[in-house]
Amino acid sequence: MSRPSFSLPPSDLPNMTASSVDAIRTLDKNGKEITSVGFERFGFDCEVPLDVVRALYLRPHYVMTASSGNDEALDTKEADAHARFTQGHAAYQSKSIFHPETQSISYTTLSRFPPVKLLAPSARKRVLVTGGAGFVGSHLVDRLMLLGHEVTVLDNFFTGSKTSVSHWVGHPNFELVRHDVVEPFMIECDQIYHLACPASPVHYQFNAVKTIKTSFQGTLNMLGLAKRTKARFLLTSTSEVYGDPEVHPQPEDYWGHVNPIGPRACYDEGKRVAETLTYGFHNQDNVNVRVARIFNTYGPRMNPYDGRVVSNFIVQALRGQDLTVYGDGSQTRSFQYIHDLVDGLIALMNSDETRPVNIGNGDEFTILEFATLVRDIVEKVQKEDGVKLERRVQIIHEGLPQDDPQKRRPDTTRAKASLDWQPRWTVRMGLEEMVRYYKAKMAEGSL
Ligand code: NAD
Ligand code: UDP
């Protein structure tokens, strides 16, 4: 799908500036332009044009009005601009109207949804996504919906939000259910992606007992459901099962180094027991299982206030605040962009691999290097948008949290061999897109 060939004056674009639209040219690790996400593998075609996916998070889901708050008097110039902006995706246009003067939005029922694939009933899966209103879940839901499946999202909205999937509410293939996975849930389904669990240290430590309960009882309930319905079950586990690793990079057969009573234990041990449960059901009851060990992932729709490093640094830099590096910043992390993760999860679900699989990007940074990179990228995007920076933000140091892992990098040999999966997005490309997303949210006043 080709890029928009038009350009609009910044005033016509509520969520993005003209220069940032032009800047959306994404190159992969080999310098080749990325025009689609997904793949065709295992007889399963899940390729979607990148523009189509992007339209669901980078473009606003409303039309602007220059009027003085009168919903009826929708300014045609603004409507035209929006229609041109969405180009081939004009069908995505909602009738909701944003009023910049009053910083308010008039929601109306979406008149049209993004086009989804029309699948034969035999190919259309009934997919349950727990935690589908969260950061990772909402991107997975977008992909599954565009591919033509029937998707049910189960979420208690602890860290997720309805707005992250609101563009699908009302679609005949979509259902949103407010439900806590610690309570049993019955539904007929073919596949279960079990994501429900807070993922940021700030959120999962907010109520440690609840986090353990969600990891254990929630996973038990979902595995019970998989057993009853014979659905295929995928657990989103984490690199945290390796704790503060003594082996580097971390392969799947490393057993980990976890403090069972430390502040991160509710999450680390919760996910470890969730894996144990998953293989218990697999070995005892023949439940068809998949386990993804996800390494640090970032992207649009990430809660800007959940305390994770990528969102913290970008929001700080955009606000002209100093970047807070915890400790001396020598600890390392490897950052993966959301589209690579969704590719990996779908590939794993549709593969025959039942062993745990690391899904992550091998590009490792010290946190200090990463702070410098984020600052450079924010400065670049601001310059492209003609924003004059009053001062260069500084990098300051704060205390290192207890049990903060010193090193983390995935060994992705298994993912490559079993799924033919490798990350395509460079950290820089993903960060540029995420900066644009947060900038747009700030401009609209929702961040
Ligand atoms: P998130 O906090 O954005 O999403 C989690 C979702 O689960 C939210 O919508 C939340 O409301 C929901 N949820 C939490 N507890 C629930 C409960 N008891 N019942 C129902 N819903 C509940 O986090 P995320 O980054 O999207 O992570 C999704 C999954 O991926 C998690 O299982 C997480 O452990 C795993 N993971 C993520 C990363 C990452 O870097 N994002 C890394 C490793 C693993
Ligand atoms: N970190 C930081 N500044 C922040 C937030 C996090 O230096 O504002 C560090 C944190 O101490 C850790 C790394 O960044 O070493 C990644 O933290 P995050 O919470 O994103 O994820 P983790 O991998 O620790 O679960």
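Predicted model: local features only at pLDDT ≥ 70, side-chain atom pairs only at ≥ 80, totals over all residues.
Let me start with the chain as a whole, which has 12 helices and 20 strands. Of its 447 residues, 57% count as buried, and the accessible surface comes to about 18,700 Å², with 51% of that belonging to carbon and sulfur atoms. If we take the contacts with a separation of 6 or more, 78% of them are accounted for by residues 24 or more positions apart.

Turning to ligand 1, there are 29 residues around it, and those that come nearest are Val 136, Asp 155, Thr 159, Leu 195 and Tyr 267. For the polar pairs, an oxygen atom of the ligand lies 2.5 Å from a polar side-chain atom of Asp 155, while a polar backbone atom of Phe 135 is 2.9 Å from an oxygen atom of ligand 1, and a nitrogen atom of the ligand is 2.9 Å from an N or O atom in the side chain of Asp 180. On its own ligand 1 has 810 Å² of accessible area, and the protein covers 96% of this. The elements giving two or more residues to its shell are helix H4 (135–146), strand E12 (232–238) and helix H7 (265–285), with the largest share, 3 residues, coming from E12. By class, that shell divides into 13 nonpolar, 12 polar and 4 charged residues.

Ligand 2 has 18 residues around it, of which Thr 324, Tyr 326, Arg 333, Asp 404 and Arg 408 come nearest. A polar side-chain atom of Asp 404 is 2.6 Å from an oxygen atom of this ligand, a backbone N or O atom of Thr 324 is 2.6 Å from one of its nitrogen atoms, and an N or O atom in the side chain of Arg 264 lies 2.9 Å from an oxygen atom of ligand 2. Taken alone, ligand 2 exposes 520 Å², and the protein buries 95% of that. Helix H8 (309–318) and strand E15 (323–326) are the elements that give two or more residues to its shell, and by class the shell has 7 nonpolar, 5 polar and 6 charged residues.

Is Glu 240 buried or exposed? It counts as buried, because its relative accessibility is 4%, and the cut-off for buried is under 20%. The side chain of Glu 240 makes a polar contact of 2.5 Å with the side chain of Arg 408, and Arg 408 is one of the residues that come nearest to ligand 2. Leaving aside residues up to four places away in sequence, Glu 240 touches Tyr 204, Val 258, Arg 264, Tyr 267, Asp 268, Pro 405 and Arg 408; among these, Tyr 267 is also one of the residues nearest to ligand 1.

Finally, helix H10, residues 367–384, has 18 residues and reaches 26 Å from its first C-alpha to its last, close to the 26 Å expected at 1.5 Å a residue. Its buried residues include Phe 370, Ala 371, Val 374, Ile 377, Val 378 and Val 381. An α-helix has 3.6 residues a turn, so residues three or four places apart point the same way. The cover over the buried residues of H10 includes H8 and E15, both of which also contribute to the shell of ligand 2. Just after H10, Gly 386 takes a positive phi of about 75°.

Terms used. Residues numbered from 1 in each chain as written. Chains lettered and ligands numbered in written order. Heavy atoms only, no water. Near = heavy atom within 4 Å. Polar contact = N/O pair within 3.5 Å; in protein donor to acceptor, adjacent residues only side chain to side chain. Areas by Shrake-Rupley, 256 points an atom, 1.4 Å probe, with all protein chains shown as cover. Helix = DSSP H or I, 4+ residues; strand = E, 2+ residues; numbered from the N terminus. Nonpolar A, V, L, I, M, F, W, Y, C, P; charged D, E, K, R; others polar. Expected span 1.5 Å × (residues − 1). Buried < 20%, exposed > 50% of the residue type's maximum accessible area, 1.4 Å probe, protein only. Contact = heavy atoms within 4.5 Å.
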